[in-house]
Amino acid sequence: MSNSNITLEVKNVSMKYRLATEKINSMKHYLIKKMRREIQYEDFYALNDVSFTINKGEVFGIVGRNGAGKSTLLKIVSGILKPTQGEVIRRGTIAPMIELGAGFNGDLTGFENIYMNGLVLGHSRKFIDQHVEEIIDFSEIGKFIHTPLKNYSSGMKARLGFSIATIVKPDILILDEVLSVGDFKFKEKSENKIMSMIEGGTTVLFVSHSMGQVEKLCDRVLWLENGEVRGLGVTTEVCGLYSNG
């Protein structure tokens, strides 16, 4: 397989944290024990020697129970976290949809948050000007677009975040439980939007607890357990092993 067909490479990635072995109740308590060198630590691996490649245009799923390391892996792939060991090679632009609306300001209106969030994602003001009505229409926020975000429901915030994040077509799209956004109609619309991006050749890294969604969308699947690769291969086979494991 030539590298020209590979969009993403994750090579021997590990993420290690040092955890205190006893509970420390205050900063004063921490400083005293720190000065006395009495704090004991143990190593915790959120990820341990994870490797895989994703081909251009492939929909690649990641499954695993809570705490398996999925979110840590997505943040490393996105460039939000730097791994303790290993490397990630990305070929092309990347759009992570991990925590929709995480950068929103509750005191600003939805309209103002479109500009703020769009600028954070690297879009120019001119680009946002050209697409702001499209974002509003897709989000279905309607008359509430000029209402402070703190008055929005969690679903409204997620819909607005999804609409901003999908206004461009990236080379690599990272989706973390995104298709659970909003009501049934909006979920259907979101899935259609993502399917159009997939059909257009976007490479997708997809995380969901819904095996139905994973089996429907993904070409291959990675199964993580306790930060390690438990399975990697054809979707139906890996999902079957995971569901019975």
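The bend at a residue is the angle between two axes, one fitted to the seven residues ending there and one to the seven starting there. I start with that because helix α4 has a kink of about 50 degrees, centred on H131, and the kink is defined by this bend.

Some housekeeping. This is a predicted model, in which local features need pLDDT of at least 70 and side-chain atom pairs count only at pLDDT 80 or more, while totals for chains, interfaces and linings use all residues. Residues are numbered from 1 along each chain as its sequence is written, and side-chain values use heavy atoms, with hydrogens and water left out.

The overall picture. The protein chain has eight helices and nine strands; these are DSSP runs numbered from the N terminus, helices being H or I with at least four residues and strands E with at least two. Of its 245 residues, 43% count as buried. Buried means under 20% relative accessible area, exposed means over 50%, and partly exposed is in between, with a 1.4 Å probe and protein chains only. A contact means heavy atoms within 4.5 Å. Among contacts between residues at least 6 apart in sequence, 71% join residues at least 24 apart.

Back to α4. This helix covers residues 125-139, which is 15 residues, and spans 19 Å from its first C-alpha to its last. That is close to the 21 Å expected at 1.5 Å a residue, where the expected span is 1.5 Å times one less than the number of residues. Which residues of α4 are buried? They are I128, H131, V132, I135, I136, F138 and S139. After α4 comes E140, with a positive phi near 60 degrees.

F138 leads on to the aromatics. F138, F162 and F186 form one aromatic cluster. Two charged ends sit over rings here: K193 over F138, 5.5 Å from the ring centre, and R159 over F186, 5.6 Å from the centre. To count, NZ of Lys or CZ of Arg must be within 6 Å of the ring centre and within 35 degrees of the ring normal.

There are six aromatic pairs in the structure. F111 and Y115 are one of them, tilted, at 5.5 Å centre to centre and 50 degrees between the planes. Rings of Phe, Tyr and Trp (its six-membered ring) pair if their centres lie within 6.5 Å; planes under 30 degrees apart are stacked, over 60 edge-to-face, and the rest tilted. Both residues lie in helix α3 (residues 110-120), four residues apart, about one turn of the helix. An α-helix has 3.6 residues a turn, so residues three or four places apart point the same way. F111 is partly exposed at 26% relative accessible area, whereas Y115 is buried at 11%.

The pair of W223 and Y242 is edge-to-face, at 5.6 Å and 70 degrees. This one links distant parts of the chain: W223 is in strand β8 (residues 220-225) and Y242 in helix α8 (residues 235-244), 19 residues apart. W223 is buried at 4%, and Y242 is buried at 10%.

Last, E9 in strand β1 (residues 6-20). E9 is buried, at 8% relative accessible area. Its side chain makes a polar contact of 2.8 Å with the side chain of R91. A polar contact is a pair of N or O atoms within 3.5 Å; within protein, one must be able to donate a hydrogen and the other to accept it, and residues adjacent in sequence count only if both atoms are side-chain atoms.
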